[in-house]
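Subject: Model handover and notes

Hello,

The model we discussed is below. My notes follow it.

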Amino acid sequence: MSQVDVNGLPALQPLNDGGDPGRTIGQRLLNVLPWAALESIAITLLGILVSMVLFGVFVLLAGHSPFEVYELMYKGAFGTSFAWGNTLTRAAPLLLTGLCTALPARLGMVIIGGEGALVMGGLSAAAVATAVSGASPAVTISCMFLAGSLVGGLWIAAAGALKQFRGVNETICSLLLIYIAVAILNHMVDKGPMWDPSSLNNPSSHFIGDANRIGKLPGIDVHWGLVIGIVACLICWVLMDRTTLGFAASIVGGNARAAKMAGLSIASITLIVSFLAGAAAGIAGVTEVAAVHGRANANLAVGYGYTGILVAFLARHNPLAIIPVAVLIGGISAGGGRLQKSLMMPDATALVFQGILFLVVLVFETLYGRLKFLQRREAKS
């Protein structure tokens with residue numbers, strides 16, 4: 001009888017191929033990867049393929065060739081060094097907003113308020129930069145990241161606390177918090193306390209100063225926010241998969257009653273994980289202010305938080321898988337701009353593709369545990 005893990009799933013044990021040189025690379029890969037990983041990869045790739053077919057039908061009905069559209073999207077996303085820079089720049093905040101949904105998912109929570117935490121993180125960073133304008137750049141930037149992560153963390157932790165202590169639905173709560181965050185942003189930068197009178201057409205906060213901005217990586221046109229996002233994903237993977245906190249979160253998410261009987265503090269775990277999720281999105285807001293805009297304004301709320309939900313679901317809430325998925329979604333967004341320039345298609349075309357992808361991923365969730373090939377593999381293990 002095979003062993004099972006804390007989630008009731010079969011224990012993941014890589015198979016030994018015995019070093020047979022006659023095996024192909026594919027056969028060796030099948031023997032090394034656990035069956036659950038193979039299932040996730042297979043279903044994700046199948047979902048992407050079906051989404052491309054459905055989006056191709058949509059494009060065809062709009063009077064364009066699907067092959068031409070996909071070729072333009074590829075060139076706009078990965079065809080040149082400039083396209084790669086555009087893709088990675090768009091992927092940087094998605095790495096962090098994806099974590100905002102992925103981390104609470106370990107607890108069985110569906111948090112969709114990353115957009116609000118991003119806005120509050122960016123707004124607080126701009127406020128701190130103005131407050132300590134006389135300090136050195138190192139102090140100012142450190143204070144911006146500290147304030148952004150703290151405010152973003154508290155923003156999502158509030159949704160976690162309301163769920164834990166008052167039974168409020170965390171999905172609805174985090175969604176409504178987005179509207180509150182955007183309203184606060186508009187109030188503060190549009191003739192409010194943080195308004196810069198010189199920003200006439202686009203009400204904004206005061207400029208944080210060139211010395212306080214995050215520069216670009218050497219040799220490529222991408223800011224350091226990309227590295228921050230990747231490091232955050234790696235840290236969160238270690239935290240969730242290699243530490244006691246991550247193990248406890250998995251137990252709470254698998255069976256809260258059993259976790260309570262085992263003596264785990266469900267309230268503390270919920271608040272800590274929710275805070276970390278919000279802190280990640282808050283840092284995304286800081287990088288948008290410090291690296292892209294140089295000030296807080298309406299450009300903070302352009303949908304990176306919503307797209308992060310798609311990234312998290314497509315990555316199966318795995319912090320490591322978020323890295324390639326964020327690059328893929330960033331590429332789709334960057335390729336959408338190419339469609340607008342070359343075929344005069346609406347800018348929202350890329351959003352249609354993302355929407356189809358999200359719906360297909362949700363539908364394909366029902367396939368897990370139903371692929372016969374992987375089930376036979378599980379039985380052999």
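Contact here means heavy atoms within 4.5 Å. The model is predicted, so local features need pLDDT of at least 70 and side-chain atom pairs count only at pLDDT 80 or more, while totals for chains, interfaces and linings use all residues. Residues are numbered from 1 along each chain as its sequence is written, and side-chain values use heavy atoms, with hydrogens and water left out.

Overall figures

There are 15 helices and zero strands in the chain; helices (H or I, at least four residues) and strands (E, at least two) are DSSP runs, numbered from the N terminus. Of the 381 residues, 45% are buried. Buried means under 20% relative accessible area, exposed means over 50%, and partly exposed is in between (1.4 Å probe, protein chains only). Among contacts with a separation of 6 or more, 73% are between residues 24 or more positions apart. The accessible surface of the chain is about 18300 Å², and 67% of that surface belongs to carbon and sulfur atoms. Areas come from the Shrake-Rupley method with a 1.4 Å probe, and for residues only the protein chains shown count as cover.

Core

The largest nonpolar core has 93 residues. Such a core is a set of buried Ala, Val, Leu, Ile, Met, Phe, Trp, Tyr and Cys residues joined through side-chain atoms within 4.5 Å. Helix 11 supplies the largest share of this core, twelve residues. The residues with the most contacts inside the core are F55, V69, M73, M144, I322 and I329. Apart from neighbours within four places in sequence, M73 touches F55, I332, G335, L339 and F353.

Not counting residues up to four places away in sequence, T287 is in contact with F145, G225, I228 and V292. The C-alpha atoms of T287 and P93 are 7.7 Å apart, although the two residues are 194 residues apart along the chain.

V289 is also placed in helix 11. Its relative accessible area is 0%, so V289 is buried. Beyond its neighbours within four places in sequence, V289 touches G122, A126, M144, I208, G294, R295, A296 and L300.

In helix 9 (residues 244-254), the buried residues are G246, A248, A249, S250 and V252. Their cover includes helix 8 (225-241), helix 10 (256-261) and helix 11.

Cysteines

How many disulfides does the chain have? The count is zero, where a disulfide is a pair of cysteine sulfur atoms within 2.5 Å. C233 is in no disulfide, and the nearest cysteine sulfur, that of C236, is 6.8 Å away. C233 is buried, with a relative accessible area of 0%. C100 is likewise buried, at 0%.

Surface patch

L46, L49, V53, V57 and L61 make up a nonpolar surface patch with about 490 Å² of accessible area together. Patches are made of residues with over 30% relative accessible area and no salt bridge; like charges are joined within 9 Å, and nonpolar side chains (Val, Leu, Ile, Met, Phe, Trp, Tyr) within 5 Å. A salt bridge is a side-chain nitrogen of Lys or Arg within 4 Å of a carboxyl oxygen of Asp or Glu. L46 sits in helix 2 (residues 35-61) and is partly exposed, because its relative accessibility is 37%.

Regards
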